[in-house]
Amino acid sequence: MNSVTIEPDEREALASLVPAHPPPRKTHSYVEQNEQKPHHPIRKYSLDEGSRSVTSDSEPVYFDSSDGEFSTENVVTNNGRTGGDRGNGEATPPSKPASQQGENDGLGRGEDNVESLPEFMGAGGGVDVFKVPVRAAVNPGRPPCLELRPHPLRETQTGKFLRNIACTESQLWAGQENGVRYWNLEEAYEVGCGVAGQARRGDEDTAPFHESVTISPTLCMMVDHGNRLVWSGHKDGKIRAWKMCQPGTSSADDSKPFKERLSWQAHRGPVNYIVMSSYGDMWSCSDAGVIKVWTLDSLEKSLVLKPEEKHMAALLVERSGIDLRSQVTVNGTCSISSSDVKFLLADTVRAKVWVVQHLSFSIWCAQNKELLKVFNIDGQVENRVDMPATQGQQAEETKVKFFSTAKKEKPQGFLQRSRHAIMGAAGAVRRAATRSTGAFAEDPRKVEAIAIAADGSIWTGSMNGVIAQWDGNGNRLRDTNHHQQAVLCFCTFGDRIYVGYASGYIQIMDLGGKLIASWVSHNEPVIKLAAGGGFIFSLATHGGVRGWYVTSPGPLDSVIRTELTQKEITYARQDSVKILVGTWNVGEGRATRGALTSWLGSAVSDVGIVAVGLQEVDMGAGFLAMSTAKETVGVEGSAVGQWWLDAIGTAVDERNTFERMGSRQLAGLLICLWVRRDIRTHVGDLDVAAVPCGFGRAIGNKGGVGLRIRVYDRIMCFVNCHLAAHLEAVTRRNADFNHIYRSMVFSKGQSLYTVAAANASTSAQALKNNPNANITTEEEKSDLAAADLVAFFGDFNYRLFGITYDEARDFISHRSFDWLREKDQLRQEMNEGRVFQGMREALITFPPTYKFEKNKPGLGGYDSGEKKRIPAWCDRVIYRDNQSSQNSECSLKCPVVASTVMYEACMDVTESDHKPVRCKMHANIAHTDKSVRRQEMGKIVKSNEKLRAMFEELKLVPETSVSTNSILLQSQDTFIFTITNKSNSSRAIFNIRCKGQTIGRDDKDDPDNLSRGTFGLPRWLEVSPGAGMIKADASVQVKVHHEDFNTSEESFDAPQQNLSCEATCDKEVTLIINIQGSCSTKTTSHSIKVRHCFSAAKTLSLAYSKPTNQKQEGSTRYQPETYRGGSTRRG
């Protein structure tokens, strides 16, 4: 602790600012608590694995914090003052609700009759980031959602994180780090297995699902409706096929993992993305610019083989692979970049495939696999890209000189030399970091997502939040920016475009890029979106999956929200936990086992969580410089810090009773946290944070370190602080707290659980954790402001003012702490609302904890040296919970209600110039049983007549007609037919697929029927456009063209003479035109038979007309003059 000498003139000036103190007097009754400490007998206890139901008598509420989110609207503000007068600010915390008294509710069982201590509340708690977060059972700030997989604790997902999702109309598939799983949507509203069930940790409240055998991490997924398969690409370079209808899913064999239908080694590196082109070929990509094509014929032939012939099927597909990179490489120079290929896009409108690399695109023809165009992120055409890869580039080595030689002619003091050394080291490290990160920093324009809309436009999203619209030829049309954090995923449904961001937001845009709606979907980045079954499903990095109705936001939301709120009593649960918080400035020393037992070990018998903060664990200029250098490269901790962790762990019985969750060290600051094993299943998601405040907010000799955890699905933050020293530095201390509170950003810790985010871009995660990343459309929120409980503790360094050393010692000896509290700087600043706004502290009934002579017991140990530092309550514990007013009851509206049951200093510990302080809090926690709430939501959806009528409206499809049902083509012939939208109010979205092919030969009586399961077009047929949108009362013209095709690339899997024979035979296919409304969950279809007659003698007359220049609204092709038959369907 830095000290200050009070000169005689300063003492006189300070004394003149305050009135003369009263004579010594006896201690008030509440001070006697310090002399007779309550004893807590050690006893054994346990918590039930399942949550207990608690009857809730609270009124219906409207805000939700189940995933750590809160709304900034309709916030109940608090002016920060309690029932006491301005002078003392004392208030008694709310007692336990009558309905709960006498019940056993977790930790502290049988001790709830212990009264809470009086508390003092600071002013200013109802404004800005100091608002208490508003909570409720159902959040009106976002649409109600289907909680298919509630947020699992991160520690339960090691090696099992979900990475991506893909959806059909009846199933949702998810790729994870150890395989794949799927949900049948008809079972989506059913309850989970519970903690006592057979589900593994993290899936207790998940809707029933089916899981595959353990395999390599899944990186991408694709739905193949034609073959009724789901394809997946994996980190080991394999592509696997999974049947949508798995056998035994409704029998006693339900829990048995299912296996893949087909797999083969597609790449040497990871399979980053797979798509199916308009012609049924599978395209896949990997690192180093590798792109491969797996032909439709080889895939279909491999799928008809029996399961016991799996090896032969895999070999068949492997040999059919076409390496596109080698085809566009000439004399060692390739036309495309060698950077990793992260995304592919199948343009079914124009039969093209887009390839997305770091900052460039390439467009390929899906029919003949020719490279059409290469261009950069700005839309500028690139002709050639050098082949050598940029991997392995070395950053310039920078020698950091930590200490500069002091000039002899100007001798400097120790403190000045230390400061110069630290600042010089910090500057050198920052310069080195800037140069090194400059070499490897990702361009913020990097594309993170790509999608095609219903009208055929292409949309890309970048790290900087910019969304770009492109036409089908790769021309950049416009830029849109509705959010400043990284775009991670897209999803299109009807005429809407859904965007998922690193901030957890989901936005909806129309086809022109105009923002329709926006809400917080998760409290972590949204890494994948998928549409199907009437939902838009979102996947967050923590593995939670939510389903949003396709009509949201809309009238359906208010109906569900109202009904679900009224059923709150069925899914509201309540538990309690006792939390022990300890703080100690150890002064670079070490404690004996007896000291740690006296401080912590003697008080943990009835607590569930132990949070400990230490200051000045290790100091000195050299250590601070090295610590700063380590922080720059993401390394923290020290040998001394590890000693303290082990020593405290032994004191709290880490081996048997408690489990260490994690820690964070910043220079001399160290925070660590333990959780009792009995409640370990309900505690997790440890995040860490550090904010330096020393020497221009760059060095960690002053600052704060924090830990954030989720307890019974509620967020708790613990922050250990060491603020500016010296009596006169009140303003600096206030500024340090404000800086820590506003800028502390939590990230995943490195102490015990080093699990990477599930398939989230590291750059996007960095943007999310960057406090400088602004949000333009929503209010920026502090991580601490979003927590349900925040506890600050540490050496705050606030002193006693207007009092001399002798006067302070006199009052302490008479235990007149009530008058000393009036001289407390922190109490005065809190009362004025300048620091710790809206937070509470128990009434101090122990002697000042600073400054003592080491190893000198008793109150006589106060500093009696030359400086005679005035004793002060430097070491404090201050907190806030969800209470926005006095006597708030614990409910889903106010989920965390805490009170202080112990607040004392351990005066018998003498190893430092500070005394350790401990504070025990009792917290009641209200939370939601997600599984039961999902079941209640299902009952509402199925029984409510209004909702059933709304869902029926979603099945309506616009009435359309097609101008022909039969087309006959000769070689190189072209035919144009028309699709007409007869609705005068709704848009129609169409998609054209090929159902099957029939080949007739002269030497056979019966033709060969070849099923084209992938819906891919035959190579000889061109259909343009293959998909699109038709405005109301408009039509679109579709061109069908016969093209002679080259079969050279198909020679891998079929004899050339057979292909030539097929090319000279009559062929017939059936085109299926699927029609959907702009927000329809059902489709209708038309069918057209297209026949190619090879022999001129067999040519039939065609109803073909010459094109005219007349053009109709909504049409993209010329209108033919005559039609050949027609068909009409009604939706």
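By class, how many nonpolar, polar and charged residues does the lining of the largest cavity have? The lining has seven nonpolar, one polar and six charged residues. Here Ala, Val, Leu, Ile, Met, Phe, Trp, Tyr, Cys and Pro count as nonpolar, Asp, Glu, Lys and Arg as charged, and the others, Gly among them, as polar.

This is a predicted model, in which local features need pLDDT of at least 70, side-chain atom pairs count only at pLDDT 80 or more, and totals for chains, interfaces and linings use all residues. Residues are numbered from 1 along each chain as its sequence is written, and side-chain values use heavy atoms, with hydrogens and water left out.

**Cavities**

The structure holds nine cavities of 30 Å³ or more. A cavity is a set of points on a 1 Å grid over the protein atoms alone where a 1.4 Å probe fits but cannot get out; lining residues have an atom within 4 Å of a point. Volume is the space filled by probe spheres set on the points, which are joined across faces, edges and corners. The largest cavity has a volume of about 150 Å³. Its lining counts 14 residues, and Pro144, Cys145, Glu147, Leu564 and Arg933 lie nearest the centre. Two elements give two or more residues to this lining: β3 (145-149) and α18 (930-943). Of the elements, α18 gives the most, with four residues. Helices (H or I, at least four residues) and strands (E, at least two) are DSSP runs, numbered from the N terminus.

**Charges over rings**

A charge sits over a ring if NZ of Lys or CZ of Arg is within 6 Å of the ring centre and within 35 degrees of the ring normal.

| Charged residue | Ring | Distance to ring centre |
|---|---|---|
| Arg933 | Tyr571 | 5.9 Å |
| Lys1067 | Trp1020 | 5.6 Å |

**Aromatic pairs**

The structure holds 34 aromatic pairs. Rings of Phe, Tyr and Trp (its six-membered ring) pair if their centres lie within 6.5 Å; planes under 30 degrees apart count as stacked, over 60 as edge-to-face and the rest as tilted. Phe737 and Tyr741 form a tilted pair, 5.7 Å centre to centre with 40° between the planes. Both lie in helix α13 (residues 730-743), four residues apart, about one turn of the helix.

Phe817 lies in helix α16 (residues 817-821) and Trp873 in the loop between β42 (840-842) and β43 (875-880), so the pair ties together parts 56 residues apart in sequence. Phe817 is buried at 0% relative accessibility. Trp873 is buried too, with a relative accessible area of 0%.

Ring pairs also link Phe130, Phe737, Tyr741, Phe792, Phe796 and Phe836 into a cluster.

Note on methods
On a 1 Å grid over the protein atoms alone, a cavity is a set of points where a 1.4 Å probe fits but cannot get out, and a pocket is an open set with protein on both sides within 12 Å along at least five of seven lines; lining residues have an atom within 4 Å of a point. Buried means under 20% relative accessible area, exposed over 50%, partly exposed in between (1.4 Å probe, protein chains only).
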